[in-house]
Amino acid sequence: MKLATVNDNGNIKAGMIIGDEFVCCVEGEGADMAVLSIIRTGDVASWDAIIDTAERRDLADVQILAPIPHLIRDMVCVGKNYYAHAKEFFDSGFDATQKETIPSEPIIFTKAMTSLIGPNDAIDASIDPTDSVDYEGELGVIISKTARRVAKADWQDYVFGYVIINDVTSRELQKKHNQWTIGKGLDTFGPMGPYIVTKDEIDDLPSMQIQTLVNDEVRQQTEIRDLIFDIPTLIETLTLTGTLLAGDVIATGTPVGVGIGFTPPKFLKSGDVVTINVTGLGSLTNPVI
Ligand code: MG
């Protein structure tokens, strides 16, 4: 099932994407929280049950929003989590925390919930005074229920589904402030969408591909199997001492091919369009202004 939240001529609606149509399951008050409610209850069957009678809209006639328009808290993110990207970041000179090329433990940070935008919303590069805006195509994991001390073998029980995230970053701010909160948390630097795909629709996670294009140029193209710390390891690590909650989002890291991997760096500029395709998860496109 593909869960989405849309704006239909000023009315927020939540439901499912089927083919080229949006199937409306909830509208009116609370529709902006309906996808989060389904994650919390796990009751996707209640939406499935009304497929045949629900209102349908052509996707072309609605604006798709971030599937969870109001995150419950900042996104949990993983730094330097693909082998070839870890090397390109280390070699770029922008890694203020660098001690080793390949991290021995997961590098965890958070990305401000206020950075969130939806598909086709603009990434406002003018907010970055250092003109060093970079893209990071990533697989996002949506947590299904309260998770503490989760053993690797049980990781699937705590995953609701998956979504595409662009962990847009100001490289100079990331470097200058040592920790990454400011460099990753700029307003509009958190595109997410177009929908959440429930885990039952994903049968071969390692073989899924992340592909990022800037305009028509392919910049990133890597399979999920190249993760340094896989999703079971990340969930085990994050819940060994702390708690993940239903609706939490983990951005699992970006593969090789970011802008600072090029010499000279290829930073995003006004007029660019960034598209991230992930196998089975659709396509997330955002213009840069
Ligand atoms: Mg990232």
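Leu205 is in contact (heavy atoms within 4.5 Å) with Leu139, Trp155, Tyr162, Ile224 and Ile231, residues up to four places away in sequence not being counted. The model is predicted, so that local features need pLDDT of at least 70 and side-chain atom pairs count only at pLDDT 80 or more, whereas totals for chains, interfaces and linings use all residues. Residues are numbered from 1 along each chain as its sequence is written, and side-chain values use heavy atoms, with hydrogens and water left out.

Leu205 is also listed, with Leu139, Tyr162, Ile231, Ile250 and Leu281, among the residues with the most contacts inside the largest nonpolar core, which has 41 residues. Such a core is a set of buried Ala, Val, Leu, Ile, Met, Phe, Trp, Tyr and Cys residues joined through side-chain atoms within 4.5 Å; buried denotes under 20% relative accessible area (1.4 Å probe, protein chains only). Elements giving two or more residues to this core include strand S10 (137-143), strand S11 (159-166) and helix H6 (231-241). H6 gives the most, with four residues. Helices (H or I, at least four residues) and strands (E, at least two) are DSSP runs, numbered from the N terminus.

A second, separate core of 34 residues includes Val35, Ile142, Phe160 and Val258. Val35 is one of the buried residues of helix H1 (residues 34-41), together with Ala34, Leu36, Ile38 and Ile39. Gly42, with a positive phi near 75°, follows H1.

The magnesium ion is coordinated at 2.0 to 2.1 Å by Glu136 (OE), Glu138 (OE) and Asp167 (OD). Donors are N, O and S atoms within 2.8 Å of the metal (3.2 Å for Na, K and Ca); water is not among the atoms, so sites may look incomplete. Along the chain, the donors follow the spacing E-x1-E-x28-D. Glu136 counts as buried because its relative accessibility is 5%, and Glu138 is buried at 0%.

Conventions: Buried means under 20% relative accessible area, exposed over 50%, partly exposed in between (1.4 Å probe, protein chains only).
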